[in-house]
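The following exercises are meant to be worked through with the sequence and the coordinates side by side. Try each task before reading its solution.

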Amino acid sequence: MTEGPDTATAAPEGRRRSEARLLDPEILRPALVQSLVKLDPRVQVRNPVMFVVELGAVVTTGIWIAQATGLSANDGALGAGGGNGGQPAWFAFVVALWLWLTVVFANVAEALAEGRGKAQADALRAMRTETTARLKDGGEKAAGDLRPGDVVVVDAGEVIPGDGTVVEGIASVDESAITGESAPVIREAGGDRSAVTGGTRVLSDRILVEITQEPGGSFLDRMIALVEGAARRKTPNEVALGILLAGLSIVFLVVTVTLRPFVDFAGSTVSTTTLIALLVALIPTTIGALLSAIGIAGMDRLVRRNVLALSGRAVEASGDVDVLLLDKTGTITLGNRQAAAFLPMPGVGEEELAHVAALASVADETPEGRSIVTLARESFAFDPDDATRGGHLEFVPFTAQTRMSGVDVEDLQGAVRSVRKGAGDAVIRWVEESGSGGVPEGLRAALDHVAGEGGTPLAVADGGRVLGVVYLKDVVKPGMRERFDRLRAMGIRTIMVTGDNRLTAAKIGEEAGVDDVLAEATPERKLALIKEQQEGGRLVAMTGDGTNDAPALAQADVGVAMNTGTQAAREAGNMVDLDSDPTKLIEIVEVGKQLLITRGALTTFSIANDIAKYFAILPAIFAGTWSTTHPTDPAPLASSAVGAAEGPLARLNLMDLGTPESAIISAIVFNAIVIPLLVPIALRGVRYRPLGANALLRRNMLVYGLGGIVAPFVGIKAIDLVVHGVLGA
Amino acid sequence: MSGWLQLALLVAVVVALTPLLGGYMARVFAGERVLLSPLLGPVERLLLRAMRVRRDEDGPVGQDWKAYGRSVLLFSFASWLVLYALLRLQSVLPGAPKDMGAMPWDVTFNTASSFVTNTNWQYYGGETTLSSVSQMTGLAVQNFVSAAVGIVVLIAVVRGIAARGGDPSSRRFGSLGNFWVDLVRAVLYVLLPISFLGALVFVSQGALQTLGGETTLNTLAGGTQTLVRGPVASQEAIKLLGTNGGGYFNVNSAMPFENPTAFSNFLSMVLVLAIPAALTATYGRMVGNRRQGWAIFGAMAVMFVALAVVLSLAEQHGSPAQHAAGLATASFDGSTGGNLVGKEQRFGISGSALFNTVTTVTSTGAVNSAMESLTGLGGLVPMTGMGSSEVIFGGVGSGLYGMLLFVVLAVFVGGLMVGRTPELHGKKIEAREIKLAMLGALYMPLTVLTMTALAVGTDHGKVSNAAGGPQGFSEALYASLSQGNNNGSAFAGYTGFVQPNGNNDGAFGITFADLLGGVAMLVVRFFPILVVLALAGSLARKRPAPTGPGTLRTDSPTFVVLLIGVIVLVGALTFFPAFLLGPVVQSLTGHLY
């Protein structure tokens, strides 16, 4: 799990690339074709709002054809008396045209979202070359026929035929095909790096792989299905929103159907074409058209961040996460402890301690050992060559029994000088056994002090003399505190999970800025913690890679498995991070929230639009109602609106739209073109800001609610200037 | 000026009463001991034993939403049958004046449905159609129990919202309380004592309370006049307190016997608002967040004050027709001026405007002036109050449970906009809840618009339409809005009962209007009751999540704005076209058609 954080720099680049590709002709062209294919009513019926629009388009087309062929002079109510009667023949044609376009625009939006995933799927599919697998017990089998339990042999240069676990051997594997990361990774039997993915290539050595996938159910297959949107099912929240939109559509259907008797009672008429135009303008077509595009684009955004969500439900759940469990090592801290200070005993110089500690570490290749040498060199100009010149060095390695390491230096006279560093009690025992000198007074205090600070103390002894303590410290990765602050602002608590003792864990937790720590963690305690949080009604997310993480990953509401992890972990989680970056969860949560916000914002916008549409269409319909030529009537505000038979409601033509026909057409044209105009927002998502719920709500209500009320007034007026002013409708 | 003072005073009194009465009701329905327990406890136990309410060691056995809903329907159906029989048999029952016949079957259907649903729509004139026995044992009883049904359904719904989920195997899991226990408590501890005090105050102000029957007077002109008298004050208090609104007399609270003084007028408004407002505080206490109660109260109060101000200003200004005819509407010394047509002079513009706002935002429907004489814009106010699904305080209980449906919708949209699966008090609002909330929000516009279309678009419906023109449209729309929201106030004009002789001789009902309205009242009462109970049943089983900074708070001013926005937008988008053709036209033109 050492690779990872570096990919954070690669991600923004990837995102830029994706934005530039928004209107890539290679995606746009098939999307246009798809948009016509999707006119099939069997496809449309899945989206009730757009299905209503399509039905309206069919009916108005019928009305136009009937009028054009002379089967019917009008659409029933047309031409009967004043008001809305006598609409010109081209009116039904224009309305029908724009209703069809509304459906097509919705289809383009969806096809565009799918198209972006498709390009990636094609690249993946190219990898799925048909290889022949060599079975361990001789014999061969086509890769597609492999079943769980088959053990295959893969040599250097060969492609791994299917997903599985390494049961024997160690190899470097090129996984760039799925992760995009060109550096090879090590895969070995046993431990947490045993999972291999079909389609990746072994670069060196030879491994035996036990297949874990069913035929056709490989990771690669699932990935292709996911990015193509083929496996897409409506998420719970999408279903709920769909019900809301369908309900609103029913209300508006009744509003328009009952309008005809109302208008008749008021001494005027309204044509079927006009009523259909009103219905389509009122029902929430904007969000209805973009709903599935938003969902597909959300998955796509995750894929672009190299995260594979195995279900849309998981992506949605990630927006709701309340608690985040993060492993300390490798996630919050750099993998290794680093020497931070030398604490000499009374009568010992700091430089002397540094030199001896470094001498004890020259042959120690562990990161801790190297960090001691580095600190000594930087602070006290320690030179390893200088220190060992003219002597014979013998390295004493660390063992579980001695819990110390160091060197024995034999000088030219043959005297042996032993220097050691190690756990406090081990060094004390060593010094006491050697019988010379003793344990200095301040040693215990220094050891406790370091432990109390959250560090790991190493005692250093030269012969029989304890010189002091090296302070090894867990180094928190840069920028962690900011990330946790950001999570807190989102309303997410972070809990650091570590095997350290409570004192150490608490110190590091405080330094990193997490909200809570789970110290002395075991897989069982981790699982218990998740269950406890869930009992309290909280949603828990975690990352994990090891087999022993699998139960916790499965229990967590959002479990992100590292791609470097074991097959068990990858199966248990509901997302896989190909970059194996544990802090990726923050981005996943943001994508999940963005998904919901985008839906909410466009729903609000869509419904708020209706006010302006009413003010465009109703004065046009009602212009002829309650008409009177009473001398005391105030003069109409709009001089041009309707002819002599106009009633008092014509004064509500606040936008001063040219004619009733141009008013209705302008409203449905606005209704249609707002869909492609909002496609970028649907595909990229409304920006999420960790402001806290209240501020976020205020902001979005202002932008999409108030904006949704105002924008169509401007838009419809502008369209009317063209439709009426330029085209003369 | 005094008009605004009256509005401010009314709001202040209601604000002061809300936590007191709200807290009291929370204790009553939690089964705690209250001041009246020593007095009423034995009666309560007796009644419950008579009803054979089952008990276990924890008290009365709880009901899940289905059982609770079944009990509501059973009780209401029985009430309906009794009331129908009473009204049809009144001429053979004691206490009826000798020339008073039975109510025609179709008008009776409408009236029984009206009083059992807490609507109190009256297609009849009280003093000419009903005996005092019918009024006291039929209508007044329903005034109590139909109001109690509204209250207890709300209490059950709030219990569901407040439930902590818990152990699915426990007997209390998903329980919303016991309908029969709640019903008895609502009547005994809440409605009866306050009505009793209210009736006494009404009597002190001069309202009539007698079983002496009618009396005959010799007039100054030498003729004789028969004055109908009856037990008015006792029926008056519950008429208002239970947001019922059905007057003893045809002219309702404009009648001095019902509403004698300016003080009784003010008291009437307080009684109407008392329980619907206080239930917001009961809700806040029951969910353990009093701010939440005040947030809902705030949303209601803001909309109420806005409507009251508009109605007052519109009536003060007068209508374009009055201006066109050259009528003086400006105030001058000794007169407030304004549109005084149809106003009771004792109350004037402000007393009438405020009263009518109060009784139409709540589902009371009592009136103290002629609604059909309002200006166009003024007439829009009561229609808006009803068109908002009667959730601006609304009926006792029904106003708040209707409001909670809008809260669910607002939480859903708002929750999406903050990027979390929407939650109400920590409980996730998912497809099932949205389905129920939409059903609950849909039934009303569907009913009202369909009714109006049938009223103005069919020959059967047009029979009832007395006037033509925008006024005729407004009257039909108003009749649909009022019956379709269980309000009960009327714009006159649209009728279901014709009484040529001032008594029932030769009277006939207009069957179509009676049945249409009766069915509508039953649907809009009991359909949403089942919907909100189902919603509560669903929420009761959910385990609440703790709130954090990422959760949408439902007790903040921002949420109040969102809630108002949702209510206004849903109402406006539904009724905007119809409002344009009725009241709005009349505020745009001076033409009289």
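**Exercise 1.** Is B:Val408 buried or exposed?

Solution. The model is predicted, so local features need pLDDT of at least 70, side-chain atom pairs count only at pLDDT 80 or more, and totals for chains, interfaces and linings use all residues. Residues are numbered from 1 along each chain as its sequence is written, while chains are lettered from A and ligands numbered from 1 in the order in which they are written. A residue is buried if 20 or more other C-beta atoms, placed from the backbone, lie within 10 Å of its own, exposed if 12 or fewer, and partly exposed in between. Because 24 other C-beta atoms lie within 10 Å, B:Val408 is buried.

**Exercise 2.** Which residues does B:Val408 touch, not counting those up to four places away in sequence?

Solution. With contact taken as C-beta atoms, placed from the backbone, within 7 Å, B:Val408 touches B:Leu424, B:Ile429, B:Glu433 and B:Ala437.

**Exercise 3.** What is the strand order of the open sheet of six strands in chain A?

Solution. Counting strands as DSSP runs of E with at least two residues, and as paired if DSSP finds at least two bridges between them, one reads the order 2-1-3-9-4-7, with antiparallel pairing. Strand 2 (140-142) and strand 7 (195-196) of chain A stand at the edges, each with a single partner strand, so one side of each has no neighbour in the sheet.

How values were computed:
Contact = placed C-beta atoms within 7 Å. Helix = DSSP H or I, 4+ residues; strand = E, 2+ residues; numbered from the N terminus.
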